[in-house]
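Here is a short tour of one protein model, written for someone who likes to see the overall numbers before opening the coordinates. Have a look at the structure below, then read on.

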Amino acid sequence: MGTGQKDIYFAAGCFWGAEKFFRLLDGVVETEVGFANGNTPDPTYKEVYTDETGYAETVRVRYDASQIGLEALVRLFFKIIDPLSLNRQGEDEGTRYRTGVYYSDPADEAAISEVFAEVEKAIGQPVVVEKLPLRNFYPAEEYHQHYLDKNPGGYCHLSPAFFEMARNYKSRQTN
């Protein structure tokens, strides 16, 4: 990981669309889809799909903190999810589709909590989004990486408008 680069992990329902969204943002250096905060070592997609492993479909986002701030990333995450929907995003349902922000650096918790508080104040109720330290992360199989680029007509619960928003966000470079 280069100087000034950090990782944050987002569970936003199906990881295919979330990965594409974050990858389009200026300041995001790398994305990788996988499984976070589960109970078994090195799970496969087929195992996670049973909802018996405790994993959430998650995107590891490596970003350059000098180009885009953690707060901006978390605010953008909240734009692409329904923060009041438990274990469901779009048509995808199950604990593997739960939403969450998982951090590997304890120093990131304060900034994440600040954005959670902003969102809860704006909507007037608590969100059902996990905010937890990252316990584990295992990359998904290769065919899941950059899935929507490999399969342009592939299913995604995110509207194409979200991808356009991410592309447009590139020029602002706002933290």
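The mean pLDDT of this predicted model is 94, and 96% of the residues reach 70 or more. Some care is needed at residues 171-175, where pLDDT stays under 50. For that stretch the model has 11 contacts beyond four places in sequence.

Now to the fold. The protein has six helices and eight strands. Read from the N terminus on, the elements follow the order β-α-β-α-β-α-β-β-β-α-β-β-α-α. With a radius of gyration of 15 Å, close to the 16 Å that the globule rule gives for 175 residues, the protein is as compact as a globular protein of that length.

A few whole-protein values may be handy to keep together:

| Property | Value |
|---|---|
| Box filled by the C-alpha atoms, along the principal axes | roughly 40 × 35 × 30 Å |
| Residues that count as buried | 49% of 175 residues |
| Accessible surface | about 8200 Å² |
| Share of that surface on carbon and sulfur atoms | 50% |

Finally, the charges. How many positive and negative side chains are there? The protein has 18 positive side chains and 27 negative ones, and the centres of the two sets lie 4 Å apart.

How values were computed
Residues are numbered from 1 along each chain as its sequence is written. This is a predicted model: local features need pLDDT of at least 70, side-chain atom pairs count only at pLDDT 80 or more; totals for chains, interfaces and linings use all residues. Side-chain values use heavy atoms; hydrogens and water are left out. Helices (H or I, at least four residues) and strands (E, at least two) are DSSP runs, numbered from the N terminus. The radius of gyration is taken over C-alpha atoms; the globule rule is 2.2 Å times the number of residues to the power 0.38. Buried means under 20% relative accessible area, exposed over 50%, partly exposed in between (1.4 Å probe, protein chains only). Accessible areas come from the Shrake-Rupley method with a 1.4 Å probe; for residues, only the protein chains shown count as cover. Lys and Arg count as positive and Asp and Glu as negative; His and the chain ends are not counted. The place of a charge is taken as NZ of Lys, CZ of Arg, CG of Asp or CD of Glu. pLDDT is the predictor's confidence in each residue, from 0 to 100. Contact means heavy atoms within 4.5 Å.
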